[in-house]
Amino acid sequence: MNIIDLARQLGHAIQEEESYKAVTAAGDAIDADVELTALIAKFSEKRDSISETDDTAKLEAIDKELEGLYNDIMSNPKMAAFEEAKHEFGHLMDRILAIVTKSADGEDPDTAEPDEHNCHGDCCSCHECDH
């Protein structure tokens with residue numbers, strides 16, 4: 001078996017993980033919620049409209065509306081469930097990627113683990129803290 005076959009096996013194993021299934025199910029629940037998807041679409045449309053104006057008053061109004069829409073979206077129980085599932089799945093993926101990366105750097109694959117906390121200040125891809 002070659003390394004690409006092993007990577008494909010890993011891909012299949014990831015898709016069998018409960019945290020992956022939870023993210024998928026939570027995403028499907030969001031997609032099935034007509035009101036929530038309308039809010040998300042309205043948020044995206046408003047966000048895109050920012051580039052269409054230089055007027056400070058209009059930008060402030062759009063910003064205020066975006067904040068309200070964001071709060072409405074994030075307070076929806078389905079979105080909260082999705083965010084939690086995505087967070088849990090992120091932990092798994094961080095661990096997998098750390099093992100693969102450290103192994104490629106010559107560390108022992110049997111003992112390679114993610115660094116306990118490696119904060120770079122950019123939280124968009126971090127699953128280690130609630131910073």
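User: In which part of the chain does Asn76 lie?

Analyst: The model is predicted: local features need pLDDT of at least 70 and side-chain atom pairs count only at pLDDT 80 or more, while totals for chains, interfaces and linings use all residues. Residues are numbered from 1 along each chain as its sequence is written, and side-chain values use heavy atoms, with hydrogens and water left out. Helices (H or I, at least four residues) and strands (E, at least two) are DSSP runs, numbered from the N terminus. On that basis, the place of Asn76 is the loop between helix 4 and helix 5.

User: Is Asn76 buried or exposed?

Analyst: Buried means under 20% relative accessible area, exposed means over 50%, and partly exposed is in between (1.4 Å probe, protein chains only). The relative accessibility of Asn76 is 16%, so Asn76 counts as buried.

User: Which residues does Asn76 touch, not counting residues up to four places away in sequence?

Analyst: Contact means heavy atoms within 4.5 Å. Leu36 is 40 residues from Asn76 in sequence, yet their C-alpha atoms are 7.7 Å apart in space. With the sequence neighbours set aside, the residues that Asn76 touches are Asp33 and Leu36.

User: How many helices and strands does the protein have, and what pattern do they follow?

Analyst: There are five helices and zero strands. Read along the sequence, the pattern is α-α-α-α-α.

User: What share of the residues counts as buried, and what area does the protein expose?

Analyst: Of the 131 residues, 19% count as buried. Accessible areas come from the Shrake-Rupley method with a 1.4 Å probe, and for residues only the protein chains shown count as cover.

User: Among contacts between residues at least 6 apart in sequence, what share joins residues at least 24 apart?

Analyst: This share is taken over contacts in the protein between residues at least 6 apart in sequence. Those that join residues at least 24 apart make up 53%.

User: Which residues is Leu66 in contact with, leaving aside neighbours within four places in sequence?

Analyst: Leu66 lies in helix 4 and is buried, with a relative accessible area of 9%. Lys46 is 20 residues away from Leu66 in sequence, while the two C-alpha atoms are 6.8 Å apart in space. Leaving aside the neighbours within four places, the contacts of Leu66 are Phe43, Lys46, Arg47 and Ile50.

User: How many salt bridges does a search of the whole structure find?

Analyst: Side chains of opposite charge can pair when their charged atoms come close. A salt bridge is a side-chain nitrogen of Lys or Arg within 4 Å of a carboxyl oxygen of Asp or Glu. By that rule, the number found in the whole structure is seven.

User: Which parts of the chain does the salt bridge between Lys46 and Glu65 link?

Analyst: The closest N and O atoms of Lys46 and Glu65 are 3.3 Å apart. The pair links distant parts of the chain, 19 residues apart: Lys46 in helix 3 (residues 34-49) and Glu65 in helix 4 (residues 56-74).

User: How accessible are Lys102 and Asp115, which meet in a salt bridge?

Analyst: The side chains of Lys102 and Asp115 meet at 2.9 Å, N to O. Lys102 lies in helix 5 and Asp115 in the segment after helix 5, so the pair ties together parts that are 13 residues apart in sequence. Lys102 counts as buried at 15% relative accessibility, and Asp115 counts as partly exposed at 43%.

User: Which residues do salt bridges that share partners join into one network?

Analyst: The network formed by shared partners consists of Glu16, Glu18 and Lys21.

User: How far apart are the closest N and O atoms of Glu18 and Lys21?

Analyst: Glu18 and Lys21 are three residues apart in helix 2, so about one helical turn separates them. Glu18 is exposed at 58% relative accessible area, whereas Lys21 is partly exposed at 36%. In their salt bridge, the closest N and O atoms are apart by 3.9 Å.

User: Which residues gather in a patch of negative charge on the surface?

Analyst: Patches are made of residues with over 30% relative accessible area and no salt bridge, with like charges joined within 9 Å and nonpolar side chains (Val, Leu, Ile, Met, Phe, Trp, Tyr) within 5 Å. Lys and Arg count as positive and Asp and Glu as negative, with His and the chain ends not counted; the place of a charge is NZ of Lys, CZ of Arg, CG of Asp or CD of Glu. One of the members, Asp110, is in the segment after helix 5 (77-104) and counts as exposed at 73% relative accessibility. The residues in the patch are Asp105, Glu107, Asp108 and Asp110.
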